[in-house]
Amino acid sequence: MRWPDHAIWWHVYPLGFVGAEREALPDGTSATPRLAKLSGWLDHLVGLGCNGLALGPVFASETHGYDTVDHYRVDPRLGGEDDLRRLIDEASRKGVRILLDGVFNHVGHGFEPFADVTAKGDDSPYRNWFHPDLRTFEGHDRLVTLNHNEPEVADYVTDVMTHWLERGIDGWRLDAAYAVPPPFWRLVTDRVRARFPDVWFVGEVIHGDYTGLVKHTGFDSVTQYELWKAIWSSLNDRNFFELAHALDRHNTMLDTFAPQTFLGNHDVTRIASRLIRKEQRNHALVILLTVGGVPSIYAGDEFGFEGIKEEREGGDDAIRPAFPERPDETPGYAAPHHRLHQDLIGLRRRHPWLVRARTEVATLTNTVLSYTVGHDAERLAVVLNLDGEPARADLPAANWTCVAGEAIFTADGATVPPTGWAIAEP
C-alpha cells in the first residue's frame, strides 16, 4: 500500500482558522506569522487519529484565497515562507503529511501576468495565458480563467507544484479541476510525477464521470460529492435506497481509484446544520469511516460545529470560522461526538484495508440498512436504524461480534436499538 492508502486528512481553511483579515494586507505590510497557530493543533489532529493536514489556500491572494495573485508567496495574512516550512517540518516530525490547495483554473486580477495584460493588451508577453475574451470563472468577475491550451501555463503550473514539493509537501488538491481540460492535467501530472513519484493528486470534481476523469487526468483521486450528498440526503429523507444506490456506484469507482470522501469541507453547509435530526451525525460518521475511500474530517466537525453556507458576499463565513488558540478551549472538545470521531477513526486505523473495501448491502428498507464491507479475506458489518423502534437487520452468516455502537448480533443478523447503529467483526 502507498502512503495515501493510509491517509486520513484533517482539513483546514487557514485564513478563517487563524482569523485573518477579509482582504489582502496593503503592500509593504509585514507578514503576520499566524500559521504558527496551526502548529498548536497538530497534536489534536494526531489524537483524533488523522495523519494528514489538508490546507486550504495559503498563497497570496486578494480576498478568500481562491483569487491567487502569487503561487510562490505565502499570503502575508498567514505569514511567510519560513512559517509555512516550519509548519511542514513540525508536521513531518509527527508523521503528518501536508496537502496544499492549488488554484490553477483561475487567478485574481492582481496576478502579475494578468496585470501585465491589463496594462499592455496584445503587446503583453502573457497575452496567450488568458482567453481572447478574458473570460471569468462561473460569473465571478474577479476570477480570470487561465488559457490551458497555452504551453507556458502548463510550464508555470508544473513549476509551482514542484517548487512546493521540493519544500516538503506531499500532494495537491486541485481546485475547480472539473473546469480544466483533462489533457492539461495529464501533461502536468505526468511531468510532476516524473520527479515526485509519491505525490498524491486529488481533483475537485462535483458531478460527472469521476472514473473517466481519473483515467484521463492522472489524478489519484477526486472529491466524492455523490456519496456526500447521498449520506445526508438519505438520512434527512429517511430513504436508505438513495444511499444504497450511491454505495453501488462507489464500488465501481473503487475498481479504479480510492475517492476522497467527506462529510464537510470549506464549501458546504456543516453536516451538523445539514441534518434535520442531530443524533444522525453519528450515522453519517459511521458511514464515512466504514466505506472505501480516503476520508477527510473538516476541522470543527469533530466538535459538532454548525454553520450554514449562504449564496451572498460573506456567505462562507459561518462555515469558515476562527478557532481558539488551543483545542481544549473549543466548545465540544472531549464531548461525545469528539470521542466518537476518535473511536471510529481508531477502528479504521485497525482495518487499513478499508481504503479499498467494497460495500455489499444485506438489508435495505427506507429506515434500516445493513451492509458488509470487505477486501480480500477481511470483512466488517454495519447496521443502521433510523426508526424510533428496535429493528431487525440481516447479515451474511458469521460469528459477528460488536466492536462499536450497540446492537445484539446473532450468526445471521442483528437487532438494532431505536435510532441506533453498530459495527461488528466476524
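Colleague: What makes a set of grid points a pocket here?

Modeller: A pocket is an open set of points with protein on both sides within 12 Å along at least five of seven lines. This is a predicted model. The second largest pocket holds about 190 Å³ of space.

Colleague: Which residues lie nearest the centre of the second largest pocket?

Modeller: Ala 24, Leu 25, Asp 27, Arg 73 and Pro 76, out of 13 lining residues. Strands E3 (59-61) and E4 (68-74) each give two or more residues to that lining. By class, the lining has six nonpolar, three polar and four charged residues.

Colleague: What is the volume of the largest pocket?

Modeller: About 1300 Å³. Its lining counts 41 residues, and His 64, His 140, Lys 309, Asp 316 and Arg 320 lie nearest the centre. Helix H1 (14-17), strand E8 (140-145) and helix H9 (225-237) each supply two or more lining residues. E8 gives the largest share, four residues.

Colleague: How do the lining residues of the largest pocket divide by class?

Modeller: Into 13 nonpolar, nine polar and 19 charged.

Colleague: Why is Cys 50 called buried?

Modeller: Buried means under 20% relative accessible area. Cys 50 has 4%, so Cys 50 is buried.

Definitions and conventions: Residues numbered from 1 in each chain as written. Predicted model: local features only at pLDDT ≥ 70, side-chain atom pairs only at ≥ 80, totals over all residues. Heavy atoms only, no water. 1 Å grid on protein atoms, 1.4 Å probe; cavity = no way out; pocket = protein on both sides within 12 Å on 5 of 7 lines; lining within 4 Å. Points joined across faces, edges and corners; volume = space filled by probe spheres on them. Nonpolar A, V, L, I, M, F, W, Y, C, P; charged D, E, K, R; others polar. Buried < 20%, exposed > 50% of the residue type's maximum accessible area, 1.4 Å probe, protein only.
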